[in-house]
Amino acid sequence: MSAPRGRVLITGGAGSVGQGLARVLAAEGYRVRVLDLPQCDFSPLEDIAGLDIVRGSITDADALRQAAAGVDAAVHLAALLPPASERDRETTMAVNAGGTAQLVEALARENPRARLVLSSSVCVYGDTGAHGAADDDPPVRVERPTAPLDVYGESKVTAEDIVRQGPLPLVILRISGILVPEVLAFPEAWPFAAEQRIEFVCRDDVIGALAAAVGAEGAQGKTLHVAGGPTWRMRGSDYVERLSEVFGVPADMVPYRDGPASFDWYDAEDAQALLGYQRTPFDAALAMIERALAEAFET
Amino acid sequence: MTSAITPGEEQVLRALDICRRAAEAMTTLGGPDEAWRSGTAERLTRLQGTLDQVKDRFIIKSKVCLPFTARCAERATALEVSLRALGADGSTGAMDAFAGDLDALEKAVRTLDGRSDMRGMAIT
């Protein structure tokens with residue numbers, strides 16, 4: 001445990017990334033508060049010393065007031081994710097954009113110097129030409145204009161605008177697709193085409209990037225990519241084949257997305273220099289899954 | 001796009017089919033009394049329900065599940081054999097043998113259900 005530091009709020013903190021982040025920040029000496037929906041399972045967080053839990057929605061002003069009290073920084077993870085985000089535009093915008101606006105307001109009222117780390121997405125770029133023959137030159141840079149393909153991407157563009165227009169010091173992290181290195185089911189369809197460029201990132205490196213963004217001096221005011229790095233740069237079919245091999249399932253079990261999707265290779269040089277989060281090569285993430293499988297299915 | 005049926009899926013489907021046929025047989029079986037037959041049919045129906053859920057799980061296609069699906073299929077095959085014996089000879093001994101095989105199948109299905117019950121997605 002490091003020396004005591006400030007209090008950090010994690011919205012959406014009961015999820016897979018939020019739990020890991022709470023653990024890392026607590027180990028670094030931060031006092032951690034988690035805000036998430038009352039129906040979430042908070043039990044995996046119970047052993048984190050001094051952790052503070054606020055049960056409520058990101059759109060609930062009372063819960064936000066309680067969550068923002070005495071906070072020195074916030075990592076904003078709470079959001080409706082695909083595919084749920086695509087079912088009802090109004091709800092998604094209310095949660096992902098409206099909730100961000102309410103959080104900014106609550107934090108600004110409580111502590112206008114509180115740093116806000118926004119978990120955004122590479123979905124803001126939409127189709128970058130990574131799918132098909134007429135490829136643009138990779139990697140995608142953060143200066144690229146946004147042109148989201150779906151409601152989720154649109155909600156993240158709006159959320160970014162909200163935090164940029166607000167009074168808080170900020171860091172925006174545009175996170176790529178996350179591989180959770182556990183024994184979890186494949187999606188019903190891969191969110192990318194077989195021939196598309198993709199650069200996913202290990203969940204643990206995302207946690208590292210978010211944790212570093214809370215305190216990194218040079219990161220303030222920046223928009224940065226969070227993607228896996230060179231070993232994660234591949235085509236969709238390469239990724240699926242490797243992952244299927246580890247799980248011991250047929251590679252054609254799940255269909256690919258038909259048409260353009262919001263994934264590509266990303267320029268993360270600045271992000272890596274500032275946050276130093278790319279620690280898990282693709283093969284190492286697969287080895288983590290192999291170990292988890294062996295443990296879960298030992299006879 | 002769907003793959004051909006995997007050995008794990010095949011084994012689960014075989015167990016499911018045996019449970020279904022055994023449950024049906026309970027309505028016509030001579031020998032055991034009504035209470036025993038209806039109680040056994042209920043257990044077999046519950047097993048069918050569990051196997052029906054399990055068969056669609058992603059991990060059932062995986063090789064890691066094979067020891068567990070194979071055990072279910074083996075136990076179900078043993079149950080099928082004892083069902084045949086029960087049909088030919090409705091004695092207490094045959095009933096006990098069938099009940100023992102049903103216990104073993106239930107245990108194998110419970111194990112498979114527990115191991116294959118994954119929450120969440122590998123990518124987000």
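Helices (H or I, at least four residues) and strands (E, at least two) are DSSP runs, numbered from the N terminus. This is a predicted model, where local features need pLDDT of at least 70, side-chain atom pairs count only at pLDDT 80 or more, and totals for chains, interfaces and linings use all residues. Residues are numbered from 1 along each chain as its sequence is written, while chains are lettered from A and ligands numbered from 1 in the order in which they are written.

**Exercise 1. Work out the strand order of the open sheet in chain A.**

Step 1. Two strands pair if DSSP finds at least two bridges between them.
Step 2. The seven strands run in the order S3-S2-S1-S4-S5-S6-S10, with parallel pairing.
Step 3. Strand S3 (52-55) and strand S10 (223-226) of chain A are at the edges; each has a single partner strand, so one side of each lacks a neighbour in the sheet.
Step 4. From one strand to the next, the twist averages 20 degrees. Angles run from 0 to 180 degrees between N-to-C directions, and axes are lines fitted to C-alpha atoms, for helices over the stretch in contact.

**Exercise 2. Describe S1(A) and its pairing with S2(A).**

Step 1. Five of the five residues of S1(A) are buried.
Step 2. Sort them by direction. Arg7(A), Leu9(A) and Thr11(A) point one way, and Val8(A) and Ile10(A) the other way.
Step 3. Five bridges pair S1(A) with S2(A) in the parallel sense. Val8(A) has Val32(A) in S2(A) as its bridge partner.
Step 4. Go on to the next pair. Strand S2 (residues 31-36) of chain A runs parallel to S3(A), joined by four bridges. There, Asp36(A) has Arg55(A) as its bridge partner.

**Exercise 3. Check the length of helix H1 of chain B and find its buried face.**

Step 1. The expected span is 1.5 Å times one less than the number of residues.
Step 2. Helix H1 (residues 7-25) of chain B has 19 residues and should span 27 Å; its end C-alpha atoms are 27 Å apart, which agrees.
Step 3. Its buried residues are Gly8(B), Gln11(B), Val12(B), Ala15(B), Leu16(B), Ile18(B), Cys19(B) and Ala22(B).
Step 4. Look down the axis of H1(B): the buried residues fall within an arc of 160 degrees, so they line one face of the helix. The arc is that of the directions from the helix axis to the C-beta atoms.
Step 5. Helix H2 (34-54) and helix H3 (66-88) of chain B are among what covers them.

**Exercise 4. Describe the contact between chains A and B.**

Step 1. Two residues are in contact if their C-beta atoms, placed from the backbone, lie within 7 Å.
Step 2. Chain A gives 24 residues and chain B gives 17 residues.
Step 3. On the side of chain A, the elements giving two or more residues are strand S7 (178-179), helix H6 (236-247) and helix H8 (282-296).

Notes: A residue is buried if 20 or more other C-beta atoms lie within 10 Å of its own, exposed if 12 or fewer, and partly exposed in between; C-beta atoms are placed from the backbone.
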